[in-house]
Amino acid sequence: MAPVPLEGHQTPVGNNVPQEGNRGGSISLAVLIDFIVQRTYHELTVLAELLPRKTDMERKIEIYNFSARTRQLFVRLLALVKWANSASKVDKSAQIMAFLDKQSLLFVDTADLLARIARETLVHARLPNFHIPAAVEVLTTGTYGRLPSCIRDRIVPADPITSSERKSTLNRLNQVIQHRLVTGNLLPQMRNLKIEAGRVTFHVEHEFEVSLTVMGDGPNIPWRLLDIDILVEDKETGDGKALVHSLQVQYIHQVVQARLVDNPNPLTEVYTCLHFFCQSLQLEVLYSQTLRLCRDRLDGHIHVEEYVPGKCLSIAYWRELTSKDPRSELGYRLTVLVDTHDSARPLSVQHVPALGNKVTF
């Protein structure tokens, strides 16, 4: 049953009707009936205790007052019960009126905001001048040819060069490369070269092959490293795979390219870096081959006495000559090392006892 207002405190129906769930000062109709019954019973009990002490006229007056007061209270309760049947319609009407009040408030706020925009913002608003020539050109020709060329350069790719332009450009690059090689300091080890298709390829036998080019004909434009091919190989190592991983070649490429910038002798720097790497790789290959021989075929007959990566590899053989007499200085030793006087030379071989001349390969 719908809750009803307390006696003597009826909330008027208007624009400020409390919403559902926020009805302050209201109780349930059942509770209200219970309160009225208890109040009537309490007053009747008190009256029954007090009437014997009063006179006949006073008892009549008290009974009349109790009856009139109780009758008025139950008449109000009856009217309240009849009104409670239509309480849902009243609540619905109150919700509709609250919604209409909210919509009215929104309309008022919108009108105030539009008036403020008209008085403050639109006073300074200005329309740009219409571009009449562009509109006429578009309407008459269906296109517009007055856009800045920078837009086309950023969006539309440039036309590819023709075969004749490509050929003349490569020939010009060949001339620039030849001029640089003639006027520069070229090491004797890099005289085996080939200039073709705008690039120069240096071939160092058993070590590396490297290709370079230039990105223009200016004297200060640095060399651009294109390809590096390591020629050191061993078919039995790694199941015939390349000795240098592609990531290692990429790292070497980055290191060498960084050293080409602002270097007075860039080609010498290229040879120095790649030659040192290839010699270190050759020593590593010889070291792995020696270990394989010791393990598979010549166990006890040869021995690696010293191995310094990138510097030397010393191998002793015919060890039985010294095993008989440890104090004997006899022995045979083969040492493959980097030439300490000229690191640009290939690996050198020294033998103990001396064979007469130092052997290089």
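Reply: Ile195 has Val200 of E4 as its bridge partner, in a model that is predicted. The strands E3 and E4 run antiparallel and are joined by four bridges, and they belong to an open sheet of four strands in the order E3-E4-E5-E6, paired antiparallel. Strand E3 (193–196) and E6 stand at the edges with a single partner strand each, so one side of each has no neighbour in the sheet. From one strand to the next, the twist averages 20°.

Helix H7 lies across E5 and E6, and runs at about 150° to E6.

Turning to the packing, the largest nonpolar core holds 30 residues, of which Phe202, Val210, Leu212 and Trp223 touch the most other members. The elements that contribute two or more residues to this core are the strands E4 (199–204), E5 (208–214) and E6 (223–230), together with the helices H6 (163–183), H7 (246–260) and H8 (266–296). H8 gives the most to this core, namely eight residues.

Val210 shows in detail how such contacts are arranged: leaving aside residues up to four places away in sequence, Val210 touches Val200, Thr201 and Phe202, then Leu225, Asp227 and Ile228, and also Val270 and Leu274.

How values were computed. Residues are numbered from 1 along each chain as its sequence is written. This is a predicted model: local features need pLDDT of at least 70, side-chain atom pairs count only at pLDDT 80 or more; totals for chains, interfaces and linings use all residues. Side-chain values use heavy atoms; hydrogens and water are left out. A nonpolar core is a set of buried Ala, Val, Leu, Ile, Met, Phe, Trp, Tyr and Cys residues joined through side-chain atoms within 4.5 Å. Buried means under 20% relative accessible area, exposed over 50%, partly exposed in between (1.4 Å probe, protein chains only). Contact means heavy atoms within 4.5 Å. Two strands pair if DSSP finds at least two bridges between them. Axes are lines fitted to C-alpha atoms, for helices over the stretch in contact, and angles run from 0 to 180 degrees between N-to-C directions.
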